[in-house]
Amino acid sequence: MPSSIEWTDETWNPVTGCTRVSPGCDHCYMYALYPRLKGMNVRGYETGPDDVRLLPERLHAPLTWKKPRRVFVNSMSDVFHPNVPFDFVLEMFLVMQEAAARHGHIFQVLTKRPGRAVAWWQEHERNFPDGWPARIWMGTSVESQKYAPRLTVLDRLPAPIRFVSAEPLLGRLDLTQWLEKGVLQWVIVGGESGAGARTMNLHWAQDLRDQSVRANVAFFLKQLGGARNKRSGEHALLDGQLWQQYPNAKGEIE
């Protein structure tokens, strides 16, 4: 369905439900949206947000989308959650590969579990004789320096476009070693939003912007965060400027 998430066009959720793994998950929007969707009797939300559910009837939806778009995969779950079988992940990737080839979509896969993504690839790489599908981007979430080692694990995946989502950004984050090594082609930054939102220091975002600029890596400031107004769009400014860059297929700034 069309998305209000600033860095994507569409969300595709063949899996729903997730479980928290680190402080960045504490106020996850999925937990806030889930009861509303359950109340609307939307398929996949009949139980509770911690119940990971597979929805195979949604698998082939991207094949019906004719206009090229960026697609955020499993915005209401995690592709590499332990309760998602590797065979189901393979089905998702095969659909993404075909839909990208047919219609030019870009699929954005974001996980907090890059180790399981590596294990999946090691098991199923043989199903992709041409290597990792070029239009499937692979990213991980890093909310503070403590979780930056997820990027070392992400580096073990041969995706041509790898990215980090530093949202909610909960502290100063130094990505220099991974930027200089070429692990990342895209840096997304955002504050926390919604009830109980923890404040993002603007200097943390400026620092990540400067790190990205020095490394010539695309930088996207999603929003500044806030309990009532997440300050996105034209309000997401750093030093009076919007930062909404994307990488191209070669990893260069568009």
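Visitor: Is Lys-222 buried or exposed, and what is its relative accessible area?

Guide: Happy to. Please keep in mind throughout that this is a predicted model. Lys-222 is buried: its relative accessible area is 8%, and buried means under 20%. The residue sits in strand E9, which covers residues 218–223.

Its neighbours come next. Leaving aside residues up to four places away in sequence, Lys-222 touches Ile-5, Glu-6 and Trp-7, then Glu-167, then Ile-188, Val-189 and Gly-190, and finally Lys-230, Ser-232, Gly-233 and Ala-236.

The peptide bond from Glu-167 to Pro-168 is cis, with omega near -5°. Most peptide bonds are trans. Pro-168 belongs to the loop between strand E7 (162–166) and helix H5 (176–181).

Val-189 is listed with Trp-12, Trp-120 and Leu-175 as having the most contacts inside the largest nonpolar core, a set of 60 residues. Helix H2 gives the most to this core, with 10 residues. There is also a second, separate core of 13 residues, and Ile-106, Trp-137, Phe-220 and Tyr-246 are included in it.

Helix H2 (residues 86–103) packs with helix H3 (residues 114–124) at an angle of about 80°, and their axes are 11 Å apart. Angles of 65 to 115 degrees count as roughly perpendicular, so H2 and H3 are described that way. On the H2 side the contact is made by Phe-86, Asp-87, Val-89, Leu-90 and Phe-93, while H3 supplies Arg-116, Ala-119, Trp-120, Glu-123 and His-124. By type, these residues divide into 6 nonpolar, 1 polar and 3 charged.

Pro-149 has its place in the loop between strand E6 (136–141) and helix H4 (150–154), where it counts as partly exposed at 46% relative accessibility.

Back at strand E9, the loop between E9 and strand E10 (237–238) holds Arg-231. Most residues other than glycine have a negative phi. Arg-231 is not a glycine, yet it has a positive phi of about 55°. Its relative accessible area of 37% makes it partly exposed.

One last stop, the cysteines. The structure holds 0 disulfides. The sulfur of Cys-18 is 6.7 Å from the closest cysteine sulfur, that of Cys-25, which is too far for a bond, because a disulfide needs the two sulfur atoms within 2.5 Å. Cys-28 is in no disulfide either, and its nearest cysteine sulfur, also in Cys-25, is 6.5 Å away. Cys-18 counts as buried at 12% relative accessibility, whereas Cys-28 is partly exposed at 26%.

Notes:
Residues are numbered from 1 along each chain as its sequence is written. This is a predicted model: local features need pLDDT of at least 70, side-chain atom pairs count only at pLDDT 80 or more; totals for chains, interfaces and linings use all residues. Side-chain values use heavy atoms; hydrogens and water are left out. Helices (H or I, at least four residues) and strands (E, at least two) are DSSP runs, numbered from the N terminus. Buried means under 20% relative accessible area, exposed over 50%, partly exposed in between (1.4 Å probe, protein chains only). Contact means heavy atoms within 4.5 Å. Axes are lines fitted to C-alpha atoms, for helices over the stretch in contact, and angles run from 0 to 180 degrees between N-to-C directions. Angles under 35 degrees count as roughly parallel, over 145 as roughly antiparallel, 65 to 115 as roughly perpendicular and the rest as oblique. Ala, Val, Leu, Ile, Met, Phe, Trp, Tyr, Cys and Pro count as nonpolar, Asp, Glu, Lys and Arg as charged, and the others, Gly among them, as polar. A nonpolar core is a set of buried Ala, Val, Leu, Ile, Met, Phe, Trp, Tyr and Cys residues joined through side-chain atoms within 4.5 Å.
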